[in-house]
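Welcome! Here is a short tour of one structure for someone meeting it for the first time. Please keep the picture in view as you read.

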Amino acid sequence: MTDTHTAFAPFVATLGRGPGRSRALTREEARTAFGMILRGDAEPHQVGAFLMLLRFRGEDAEEITGMVQAVRAHSGLGQPELNVDLDWPSYGAGRTRGAPWFLLSALALARSGVRVLMHGSNDFSSGISVAEGMAAIGLQPASGMQSALQTSRFAYLPLQAMAPELDRLLEMRRLFGLRSPVNTAARLLNPADAPFGVDGVFHPPYIDVHLGVAERMGRPRLLVLKGGGGEAERVPLKPATASVWDRTAGRAELALPAIDGLTPHPAAADTPDSFAAVWRGETVPETPLATVRATVALALLAMGRAENPDHAMDQATAIWSQRL
């Protein structure tokens with residue numbers, strides 16, 4: 001045991017004392033504890049116990065806010081001078097995912113003038129990753145924040161390049177067999193301080209945590225929904241609800257109607273080549289294209305650029321048709 005190990009032990013004890021005695025960490029406690037983890041001041045056994053106790057107790061907006069603040073400080077995140085319009089995290093781990101159709105939505109938005117920074121890790125997804133999708137259409141991930149948006153209005157920044165210490169913690173899922181709150185913290189980093197964000201979750205209870213962190217961080221506007229594979233992707237086979245935090249108006253919900261006549265798209269049929277063919281307009285599969293347009297509409301609603309979902313879909317159709 002070192003002095004730093006001794007200093008970290010009370011955080012584990014606070015979370016794990018047992019019924020009636022344990023409690024959630026305050027924001028400052030979570031920021032201090034996670035900062036110690038990122039600096040390597042906690043022993044590996046302590047890190048595992050800490051993360052799994054957080055998961056077992058249930059994610060708490062105050063704790064996650066402290067974790068987000070610790071990562072942003074440790075990794076030097078928060079660069080408003082990049083003038084990013086839309087923050088787009090991609091950390092889904094869907095076991096039945098196919099192609100990342102949301103990537104085409106983000107690219108189409110960028111072609112229309114929106115500056116989009118996508119960041120993430122698809123290491124636990126069974127489908128085509130964002131990096132693989134980009135390669136199929138002749139693009140590559142960014143290597144760092146400063147160079148990410150110098151030549152294009154879209155950039156994808158892997159978590160490994162943005163916050164390597166957090167990426168290593170995310171990889172501990174292989175040891176646990178379970179996701180940890182690291183996943184939620186990564187989604188909420190907003191590394192370029194974009195005024196708008198669009199985020200997807202796999203389990204609806206996490207929506208309240210995401211909105212709560214956005215509120216505590218003073219973010220102007222964030223839209224969250226239960227998306228395909230946990231991504232910010234709207235598959236319009238059935239109606240859905242998007243939840244919004246707006247710094248001026250507070251919280252709200254948006255009812256998103258289904259598109260009639262669509263049939264499920266077999267993810268197993270997706271390949272990098274077929275994905276690229278959709279971007280180039282060489283193939284026009286009905287449900288993937290509806291997903292792309294609906295996801296563009298989702299981003300427009302996140303930015304407050306549409307009066308309602310119908311208006312957003314009309315704009316999205318035009319944006320997609322003009323992408324080339």
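## Helix 3 and its surroundings

Let's begin in helix 3, where Gln46, Val47, Gly48, Phe50, Leu51 and Leu54 are buried. Keep in mind as you look that this is a predicted model. Which helices do the buried residues of helix 3 pack against? The partners are helix 1 (3–16), helix 2, helix 4 (61–75), helix 8 (164–170), helix 9 and helix 10.

Helix 3 itself is made of 14 residues. From its first C-alpha to its last it reaches 20 Å, close to the 20 Å expected at 1.5 Å a residue.

## Two partners of helix 3

Two packed helices are described by the angle between their axes and the distance between the axes. For helix 1 and helix 3, the axes come within 9 Å and cross at roughly 20°. Angles under 35 degrees count as roughly parallel, and helix 1 and helix 3 are therefore roughly parallel to each other. Their crossing is left-handed. On the helix 1 side the contact is made by His5, Phe8, Ala9, Phe11, Val12, Leu15 and Gly16, and on the helix 3 side by Gln46, Ala49, Phe50, Leu53, Leu54 and Arg57. Sorted by class, the contact of helix 1 with helix 3 has 9 nonpolar, 3 polar and 1 charged residues.

Now turn to helix 2 (residues 27–39), which packs with helix 3 (residues 44–57) at an angle of about 140°, the axes being 11 Å apart. Helix 2 and helix 3 are therefore oblique to each other. Helix 2 passes helix 3 in a left-handed crossing. Here Ala33, Phe34 and Ile37 of helix 2 meet Val47, Phe50 and Leu51 of helix 3. This contact of helix 2 with helix 3 divides into 6 nonpolar residues, with no polar and no charged ones.

## Helix 13 and helix 14

By class, the contact of helix 13 with helix 14 has 13 nonpolar, 2 polar and 1 charged residues.

Is helix 13 largely enclosed or largely open? Of its 17 residues, 15 are buried, so helix 13 is largely enclosed by the rest of the structure. At 1.5 Å a residue, helix 13 should span 24 Å, and its end C-alpha atoms are 24 Å apart, which agrees. Just after helix 13, glycine 304 takes a positive phi of about 70°.

Alanine 185 sits in helix 10 (residues 181–187). With a relative accessibility of 0%, alanine 185 counts as buried. Not counting residues up to four places away in sequence, alanine 185 touches Ile64, Met67 and Val68. Histidine 210 is 25 residues apart from alanine 185 along the chain, and their C-alpha atoms are separated by 9.0 Å.

Next, look for arginine 174, placed in helix 9 (residues 173–176). Is arginine 174 buried or exposed? Its relative accessibility is 53%, so arginine 174 counts as exposed. Leaving aside neighbours within four places in sequence, arginine 174 is in contact with Asp123 and Phe124. Arginine 174 and leucine 54 are 120 residues apart in sequence and 17 Å apart in space, C-alpha to C-alpha.

## Two asparagines in loops

Where does asparagine 83 lie? You will find asparagine 83 in the loop between helix 4 and strand 1 (86–90). Its phi is near 55°, a positive value in a residue other than glycine.

Asparagine 190 lies in the loop between helix 10 and strand 4 (196–201). For asparagine 190, phi is near 40°, a positive value in a residue other than glycine. At 5% relative accessibility, asparagine 190 counts as buried.

Terms used. Residues are numbered from 1 along each chain as its sequence is written. This is a predicted model: local features need pLDDT of at least 70, side-chain atom pairs count only at pLDDT 80 or more; totals for chains, interfaces and linings use all residues. Side-chain values use heavy atoms; hydrogens and water are left out. Ala, Val, Leu, Ile, Met, Phe, Trp, Tyr, Cys and Pro count as nonpolar, Asp, Glu, Lys and Arg as charged, and the others, Gly among them, as polar. Helices (H or I, at least four residues) and strands (E, at least two) are DSSP runs, numbered from the N terminus. The expected span of a helix is 1.5 Å times one less than its number of residues. Buried means under 20% relative accessible area, exposed over 50%, partly exposed in between (1.4 Å probe, protein chains only). Contact means heavy atoms within 4.5 Å. Axes are lines fitted to C-alpha atoms, for helices over the stretch in contact, and angles run from 0 to 180 degrees between N-to-C directions. Angles under 35 degrees count as roughly parallel, over 145 as roughly antiparallel, 65 to 115 as roughly perpendicular and the rest as oblique. A crossing is left-handed if the near helix is turned anticlockwise from the far one by less than a right angle, and right-handed if clockwise.
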